[in-house]
Amino acid sequence: MGQPRRSPDDQYVTETSQIQAETESVLRQHLPDDPESPPPLQRTQHLQFLARNLIQGFPSRYISQDASQPWLLYWTLQSFSVMGVALDPDNKQKAINTILACQHPEGGFGGGPGTRSPSFTDLCVGVRARYRRRPGPAGGWDQIDREKLYKFFMSVKQPDGSFLVSRDAEVDVRGTYCLLVVAYLLDLLTPDLLAGTPAFVASCQTYEGGFSSASQPYFSAEADGTTRLLDDVRPSLGEAHGGYTSCALASWIMLQPYLHLQDPAEPRPSVDYKTALQGSEIELGGSSDGCYSWWVAGCFALLASQGVGGGHGHDADDTATTRADEEWSVWNELALQRYILCAAQHPAAGLRDKPPKGADAYHTLYCLAGLSAAQHNVYPSPARRAQVDQAWRPSPDSPNEELRRASFTEALSWSEEEGTSRVLGSSVNRVNATHPVFNLTITHTEGIMSHFYKQAIPRRK
Amino acid sequence: MEAEDPPLFADRPEWADVIPLEQYEGVSPLAPIFYTSEYKDATNYFRGIVKTGEKSPRVLDLTEHIIRQNPAHYSAWQYRYKTLVALNAPLDVELRLMDELAIKFLKTYQVWHHRRLLVQQTKDPGPELEFIARALQIDTKNYHTWSYRQWILAHFNDDALWSRELEFVESMLEYDLRNNSAWHHRFFMVFQSGVRKGDEDRDGVVRRELTFVKTKLATAPNNASAWNYLRGVLDHSKWPYSNLESFVAPYSVPQTALQDVLSEDVVDLENPLPSPVAQLPCVAAVEFMADIYESKGGDDIMKATELWKSLAHQHDTMRRKYWEYRIKEALQNVR
């Protein structure tokens, strides 16, 4: 492999190149002697770091996350799942109780009890995905008030297809993503909820290929007194950004079943996948913050699912058309694993942005999620889609049956490709595969969706 | 001499009429945060007045107290805003307070969103642009700051506001020509905000932008932001990349090979050369040349693959798999 080259600065120093040079100097100190043998993933240490926070509590500097308590739980518990560890029944119940205490009387969940609801519902749901024992009083899932939740979602929907993250709060694609994940998993998708949202998401793509936080809508006054959203004047607010790109692309994929049911004669919004792929490649190369391991690297699987940048295709009966030793990705997943293992692990436990920063729950999850994305090829399998679809039990009375069925089968078609995992270093570094859209394990995704859609999920062949 | 810590709300007689409420009633939460007694006290009293719906001046004190300890407490911000409106409080005074907090808590969403709500009421965006410029001195790439500036310009859409923007973004790029946020802002300003007086000659605008970015690239070619901008201008205007072949070619070869690609001895003002100390070949330039060849098709596809190979094996080995993917795609399309 050799020593990685320093980014060239053409002997013209600016603030950016200075910071880059300093970062690279620090990172070079963390290079392993043998690139094929990075330090192992310190599972026990990281688990203890997370468990300590969970059981004993978070230190007072986490007051800044007081309005994000469900996030703290999600980051912690999803990290456990990625590392293949389950919580004991007592703490499971405590988790459920804590989250339920955040449910708002008007629908949705807040960042803490009694606060107004932002779309932290995502986290709550994701977290509780782990805690299903049985439906009913202590099971958790059935205590989510879905009707009020839907009303809350509709109450924050904006005329340009976007959603506020909370009443009187900002619009951005993070909020849109979180809301869509929850609506998707909890069987709350309707055409009314999704109308205009694909166009909003598409409008956030910038000239760099990535996505910004939001776009500015303009309306024209019509003769009949109504206003019309202008299609072609929707400037992006903020530059292309890794986190927003991840949220926007995942949202875009969640919107595909809805889009495909629209009238083909109607103009359809589109996303430029080619520039998105190019943008992601540049972004991954340039940035070094551990959390981009998920935000940026996780995008490649999303793009591949839309036919761009995938390593290979699959025929209808799912015979992989490449051998296991051929590339399934177009990005350098081994280099990412190396970064995470060498630089993102904090010597005193937990994972971090970059040395010499401290570890925290957020970076711990997104580094581990990135490690997962770098190790496993997770893709939408036509064979699995067909299998799930065949097992679908129609409910003739339910409105939106077509949308529900398509959404269900799409989400659950994602599968880990057997035999192609690539783990840098020893097998102790191996973590579980992750669903690229929801950032939950596939098993948990199946569990939660089968419950809320009231469908059986066939065993994988 | 340091001021004493203010007393807890529990110890203030003027707050004796409010019943403080604990966060979790009857639930022993998982992952509790170790609150300071000051924070716990203030938020207990906050829950108390939220329950009664009080919107009074003392609520402004209380919410400010919370925000200073946790600037991300979005409920406190929301309630503060509603209280300001209910009291018909002077919002310009509030904005001055926000100036201090915004600088202190630059990376928090809420502090910027609150400004947005206030400015929508005051309808006085001019001072905001000055404030934003000051904030950007401290944190030149703050996402909230730049997107707030874009929102101000787009929302008010006032010619007077737009008129100094080119000057502003140029000064930011003069300070650091690698500031991607500034490049994005330039694109927003020039291409995403309609046509303003004086800019009706769109071809003229495109040429101006190309000249600008070429000058910056000549100074320091290994600048991904500038190359992205160049591509963005061409894509947006639907100008073929091949128009830029003469400019880009010298950037795609080593310094020693520069003479080989120059067609004349005359200095070409349209196509400034890379600085003599620039580190060449510039990866983005090689990529650009490959894209030109790919777009021409036919025999030029082979030239593109040669360049992608040089990237994969020599100049940009980190992205070897991406370059191999490009080769594969191009060859597949030829068949």
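The second largest cavity holds about 60 Å³ of space. A cavity here is a set of points on a 1 Å grid over the protein atoms alone where a 1.4 Å probe fits but cannot get out, and lining residues have an atom within 4 Å of a point. Grid points are joined across faces, edges and corners, and a volume is the space filled by probe spheres set on the points. This is a predicted model, in which local features need pLDDT of at least 70 and side-chain atom pairs count only at pLDDT 80 or more, while totals for chains, interfaces and linings use all residues. Residues are numbered from 1 along each chain as its sequence is written, chains are lettered from A and ligands numbered from 1 in the order in which they are written, and side-chain values use heavy atoms, with hydrogens and water left out.

Which residues line the second largest cavity? Among them are A:Y177, A:S246, A:C247, A:W294, A:W295, A:L302 and A:P436. Two or more residues come from each of α10 (242–254), α13 (292–295) and α14 (297–305) of chain A, and α10(A) gives the most, with 3 residues. Helices are DSSP runs (H or I, at least four residues), numbered from the N terminus. By class, this lining has 8 nonpolar, 2 polar and no charged residues. Ala, Val, Leu, Ile, Met, Phe, Trp, Tyr, Cys and Pro count as nonpolar, Asp, Glu, Lys and Arg as charged, and the others, Gly among them, as polar.

The whole structure has 5 cavities of 30 Å³ or more, and the largest cavity holds about 200 Å³. Of the 15 residues that line the largest cavity, A:E170, B:Y109, B:R116, B:H144 and B:S147 lie nearest its centre. At least two lining residues come from each of α5 and α7 of chain B. The lining of the largest cavity has 8 nonpolar, 4 polar and 3 charged residues.

Next comes an open space. The second largest pocket, with about 1100 Å³ of space, is an open set of points with protein on both sides within 12 Å along at least five of seven lines. Its lining has 34 residues, and A:A202, A:S203, A:D231, A:D232 and A:R234 are the closest to its centre. Both chains take part: α9 (197–203) of chain A, and α10 (180–191) and α12 (224–237) of chain B, each give two or more residues to the lining.

Now to where the chains meet. In chain B, 71 residues are in contact (heavy atoms within 4.5 Å) with 82 residues of chain A. The two chains bury about 6500 Å² between them, 52% of it on carbon and sulfur atoms. Buried area is the accessible area (1.4 Å probe) that two parts lose on being put together, summed over both. B:L30, B:Y143 and B:K321 supply 13% of the area that chain B buries against chain A, more than any other three residues.

Side chains of opposite charge can pair when their charged atoms come close. In a salt bridge, a side-chain nitrogen of Lys or Arg lies within 4 Å of a carboxyl oxygen of Asp or Glu. Between chain B and chain A the count is 1 salt bridge; A:E333 and B:K321 meet in a salt bridge at 2.7 Å, N to O. Over all chains, the structure holds 40 salt bridges.
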